[in-house]
Amino acid sequence: EEGKIVPIGAGETARKSLEDGYMPVVVTRWKYRDLEIRETAFSEPLKGAGYQSGLESTLAFAVFEATNHGQTECALTLLAAQMGNEKSPKRELTHSGGAVMEKGSALFSVQTPSGFAAEFHAVFPPGAEAAAEQEPLKLLQSYAGLFNVLAVQGKIGAGRTVRIVFNKRF
């Protein structure tokens, strides 16, 4: 909105529930103006054998269903970001074959609906690079920008719903 990042929970409070009342499927619903987002998030061990030591890799999914309740077309940008920590908030990641990579290993990717496109940005929004170099933590805290972003952008017709699927390995 007007060049600022609007986090889920701004506007109407996000509501969470468990799918069928149990973990590991969490459903979050959030409304901002005429746009309603329903996120279904779940995870499982990457190898599928269950967790033994707690050190196993995990594959997580987040399915976003965005509904435009308005009378006119609505622009939507969803951002998936991978940041570091307070001392080093910007990790050195790359983009290849539709996935965000670190040292040759895929971290996360997205499946987009027709009419939407995904683009990787080391700093988002484009043009915030100078601020990111000077005070990277301030950029994040002010909601003015993010690092290592896979940005999904498109338009949703009035009364329409689109589905966008992110997955992440950690």
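A nonpolar core is a set of buried Ala, Val, Leu, Ile, Met, Phe, Trp, Tyr and Cys residues joined through side-chain atoms within 4.5 Å. The model discussed here is predicted. In the largest nonpolar core, which has 24 residues, L76, I164 and F166 touch the most other members.

**Overall architecture**

- Along the sequence, the elements follow the pattern β-β-β-β-β-β-β-β-β-α-α-β-β.
- The protein has 170 residues, and 35% of them are buried.
- Among contacts with a separation of 6 or more, 62% are between residues 24 or more positions apart.

**The nonpolar cores**

- Of the 24 residues in the largest core, L76, I164 and F166 are the ones that touch the most other members.
- At least two residues of this core come from each of strand 2, strand 3, strand 4, strand 5 (74-81), strand 8 (105-111), strand 10 and strand 11.
- Strand 5 supplies the largest share of this core, with 4 residues.
- Leaving aside residues up to four places away in sequence, L76 touches L35, I37, A66, F116, V152, Q153, G154, I156 and I164.
- Another core lies apart from the largest one; it has 9 residues, among them V123, F124, L139 and L140.

- Strand 1 (residues 15-18) and strand 2 (residues 26-32) run antiparallel and are joined by 4 bridges.
- Within this pairing, R15 has R29 in strand 2 as its bridge partner.
- Strand 2 also pairs with strand 3 (residues 35-45), again in the antiparallel sense, over 7 bridges.
- V26 has A41 in strand 3 as its bridge partner.
- Strand 2 and strand 3 form a hairpin, with 2 residues between them.
- As background to these pairings, the side chains in a regular strand alternate between the two faces of the sheet.

**Aromatic pairs**

- How many aromatic pairs does the count give? The count comes to 3 aromatic pairs.
- The ring centres of F42 and F61 are 5.3 Å apart and their planes are at 20°, so this pair is stacked.
- F42 belongs to strand 3 and F61 to strand 4 (residues 58-68), so that the pair links distant parts of the chain, 19 residues apart.
- F64 and F166 form an edge-to-face pair, with 5.8 Å from centre to centre and 90° between the planes.
- Because F64 lies in strand 4 and F166 in strand 11 (residues 161-169), this pair ties together parts that are 102 residues apart in sequence.
- F64 counts as buried because its relative accessibility is 11%, and F166 counts as buried because its relative accessibility is 9%.

**Residues with a positive phi**

- R33 is not a glycine, although its phi is positive, at about 55°.
- R33 lies in the loop between strand 2 and strand 3, where it forms part of the hairpin turn.
- R33 is exposed, because its relative accessible area is 60% and the cut-off for exposed is over 50%.
- N148, a residue other than glycine, also has a positive phi, near 50°.
- N148 is located in strand 10 (residues 146-156).
- N148 counts as buried, because its relative accessibility is 0% and the cut-off for buried is under 20%.

- H121 is placed in strand 9 (residues 117-124).
- With a relative accessible area of 12%, H121 is buried.
- Which residues does H121 touch, not counting residues up to four places away in sequence? H121 touches P126, F147, N148, V149 and A151.
- One of these contacts is N148, the residue in strand 10 with a phi near 50°.

Definitions and conventions
Residues are numbered from 1 along each chain as its sequence is written. This is a predicted model: local features need pLDDT of at least 70, side-chain atom pairs count only at pLDDT 80 or more; totals for chains, interfaces and linings use all residues. Side-chain values use heavy atoms; hydrogens and water are left out. Two strands pair if DSSP finds at least two bridges between them. Buried means under 20% relative accessible area, exposed over 50%, partly exposed in between (1.4 Å probe, protein chains only). Contact means heavy atoms within 4.5 Å. Rings of Phe, Tyr and Trp (its six-membered ring) pair if their centres lie within 6.5 Å; planes under 30 degrees apart count as stacked, over 60 as edge-to-face and the rest as tilted.
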